[in-house]
Structures are given as C-alpha cells and as structure tokens.
Amino acid sequence: MSAEHSGIAARVEALEGLLAQKGLIDVESVDRLIDHFTSDVGPLNGAKVIARAWVDAAFKQRLLDDGTKAVAEFGFGGPEGACLVTVENTPTVHNVVVCTLCSCYPWTVLGLPPGWYKSSAYRSRLVAQPRAVLREMGLDIQPEVIVRVWDSSAEARYFVLPMRPAGTAGMGEAELASLVTRDAMIGVARVEGPVA
Amino acid sequence: MCTLSAYRHSVPSLHDLGGRAEYFAPVGYDPAEPPFHARWEERVFGIVSFVQTSLGKKVDEFRYETEQLPEQQYSSSYFGRWLAALENELERDGHLVAGELDATTTERSSATGRTGARVRAKVTALVLRPLLRPTLPRWMCAYVLPKAFGASRPTLRRAAFTVGDRVRVRPRRGDGHTRQPEYVTGKTGVVTTHHRAAALPDARAVHRREPSQHLYTIAFTGAELWGPAAEEGTEVRIDLYESYLEAG
C-alpha cells in the first residue's frame, strides 16, 4: 500500500515537472487551485446558507426557487454550482444525494466530496437500499417518512436543506451555522441541536 | 497507458454503478473524512483542474476518458483514475508521447511543449487569479459563472413532455458516453421538473454538434426500479435528457 502510494506520488511529481517544463501548467496556479478548493470553498459555505434559510423565510423561498442565484447573495459561485438545486427535508420527506455515474457534488456550497461519497458501495447501493445505507451510517428514517434519493447526473447539483433542530429558537445565524454539517447537507445525517 | 478501444465494448459500464449488487458493501463512512488523503491526490486535482481549463476540455470529455480506463485502473483509486485519464488524454492530444513519463521517472524528458498550449496555459493562469477567492461579486456568481461552467443552452424546439407526464426510459443507443444509467433504462416514472434545455453530454463528450435538449427530473418509485426487493416508501429522482425518454 505505502509502496504503491510512494510509486504513484513519484509519478505525479514527475508528471507535474514534465508539464511545467513543457509550459502546459503554471505551478503557482495549481497551488492556488488546491488552496482555493480546500480552504476557500467548503461546507462552511453551505452551513451559512442553511442558517439563513432557517431564520429568513424570504431567503428560504429564493433558495428553493433558484439555488445558484440565492447563494450568489453570499458571493458563492463557481464550477459544480451552475445549477444548484436545494431540496428541503420535511417531517414527511427525507432527501439524500448521490451520483451513481461519477462524483457530481455541489462544490460551491459543500467543497470537494469526501472519499465515501465517491465509493462504489455508496454509489451502487444508495439508490437501491437507501434506508439500510442510512441506518448503517447512523441515520434511522422512520418508516412513514418517504426517502427520496437524488441521483445527480446532469446539470443540477443537489443539496439538502435539513430540518432545523429543536432547542435552537434563540440562536442567531452564526450559531445556527455552526450546527450544520456537510453530511446533513448531503442527507446522510441530521442536524443535531445544541448539547444540553 | 493508451486506452485499448476494445475495452469500451467488453466493459461498457464500469462506472455505471447504480443498483449493481456486486458492488454492494458497507459504506466506509467517516464523518471527518477530508477530500484528500495524500499530497499527490491534491496535486492530481490541481493539475487536472488547470489543464482541463487551459486546453478547453468539457467535463464530459474527461468523464468519458475515465470511463474508458481498463477495469484495474478504474478501480485503483479515485485520483489514480484521474491521473490515468489525464495521461491518456495528454497522449491522445500529442502533449505527451507514450512512455515519456516512464522515461522521466528514471532519466530526463525529451519532448518539447506545443506553443499554442503554452500560450493557453499562460492565459489560464491570468484568468484564474482573480477568480480563486473565497467570495466573488454577486452578479458574477449569479450570471457569469453559471454560463461559464454550466451547459444550459436555450432551444427553440418544443418540449415533448410536461410536469406530471408519465415517461419511459428508452433503450440506450450506442456504447459511447451517456448520462443514462442502466438501472432506470426501461423503467417508467413521472416528470417532476422541466429544467432549462442543455447541451447533450453524449454529444459533447465526442465533440459532436447537436442542438441542446430539454432536460427533466423524473421520479421513479423504488418498487418500479427494484420490484419486490425495494424498500417501502423510497423513490429515486434523476435528471434525464429528452432523447433518453418516450411517452410511458
């Protein structure tokens, strides 16, 4: 495993050197791209959007009407965000997102996907056995709640507007945002209320 | 590392995993898992992002490139897949000579770059610089970036379906790139959203010029997709292009 890793690491280093030498890449831009998609863009973006939707009904409506335009109000936009669609969890419907064909994911609000989201187990099983998969991941959906799986395959990138947890009535946007996790916006977790 | 075209026929749907029981397994779930596990994965991501932009590649082309990898490479690791696809693409376009990278890992390289590509790389570096910021102007996020990154294109053709229609997913035509998964093929569902028309990935992946197509979200019940094996009260919604569909 580690030998294979160091082999591939050396290969990538060689490729990068070769492409830089040929003038096909600008190494500083490659550094910036990595920094941008690991530091600037991530689930904190999505958490801010969700928190606002919880406290501002007009914003929530705009978010449900046109996700891309609504998150643009925060200055969020870019690749894998050209057609952002927000799907709302309710007491009767639970939404969860997958990409069975590759790894489509709403980068502008969630950053880059974690490994498990791209795994063959998640990609193959979620559409067929969503309740079992969610249960194994720690989320038990009651039988009377419909589980709606979104297979992102074309232009739209889906993300979940989770239900606001109980016990958060007095909280402001920033405090609420701190409760919202990446996995709740993928739909494999709930947003938990404050620990008493 | 050139792709064997025969693979496209013998392993047509390596990537088309929805409902494939042979891949069913517990999800290796870690709530704290980061996007990258090693530095080389970051570098591959950064290099691919840069090169795809500077060479003007569509995302569909890169997806098709990964789908044509031999099984061993496809299933190696996510970014291992990206690396192999990138190498194949660069070889096909004449930016790398087959075996050149293997020579580099031991000795020194030989080939020179292409001038056009070098100029494009310089321009890309300049264009990216102001875009890679935590936030951007609202008008840019709402109107400029979606056009740059999305494939929505208006069409004058009338839509064949409307919200509420029952539709069936047609048999696939051809064995090239498509965004029509096998598990919905032949199944009947209901149109729940009519999206803006968009360029067809099947055509974009191979530079075929085609009018854009109406695009719909179709809802399928679990029972329709999986029969008696389906879990109660489950459904799948997926976006499908008009040419994938017929009245159901």
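**Close-up 1. Asp151(A) stands opposite Ile238(B) of strand β4(B).** The model shown is predicted; local features need pLDDT of at least 70, side-chain atom pairs count only at pLDDT 80 or more, and totals for chains, interfaces and linings use all residues. Residues are numbered from 1 along each chain as its sequence is written, while chains are lettered from A and ligands numbered from 1 in the order in which they are written. Five bridges join β3(A) to β4(B), residues 234-241, and the two strands run parallel. Strands pair if DSSP finds at least two bridges between them; strands (E, at least two residues) and helices (H or I, at least four) are DSSP runs numbered from the N terminus.

**Close-up 2. Helix α2(A) packs on helix α2(B), residues 39-54, at an angle of about 115°, with the axes 8 Å apart.** The two helices are therefore roughly perpendicular, a term for angles of 65 to 115 degrees. Axes are lines fitted to C-alpha atoms over the stretch in contact, and angles run from 0 to 180 degrees between N-to-C directions. Among the residues making the contact are Leu33(A) and Ile34(A) of α2(A), together with Phe45(B) and Phe50(B) of α2(B).

**Close-up 3. Chain A meets chain B through 75 residues of chain A and 80 residues of chain B.** Residues are in contact if their C-beta atoms, placed from the backbone, lie within 7 Å. Elements giving two or more residues to the chain A side include α1 (2-21), α2 (27-40) and β3 (146-151). Helix α1(A) gives the most, with twelve residues.

Key: Two residues are in contact if their C-beta atoms, placed from the backbone, lie within 7 Å. Angles under 35 degrees count as roughly parallel, over 145 as roughly antiparallel, 65 to 115 as roughly perpendicular and the rest as oblique.
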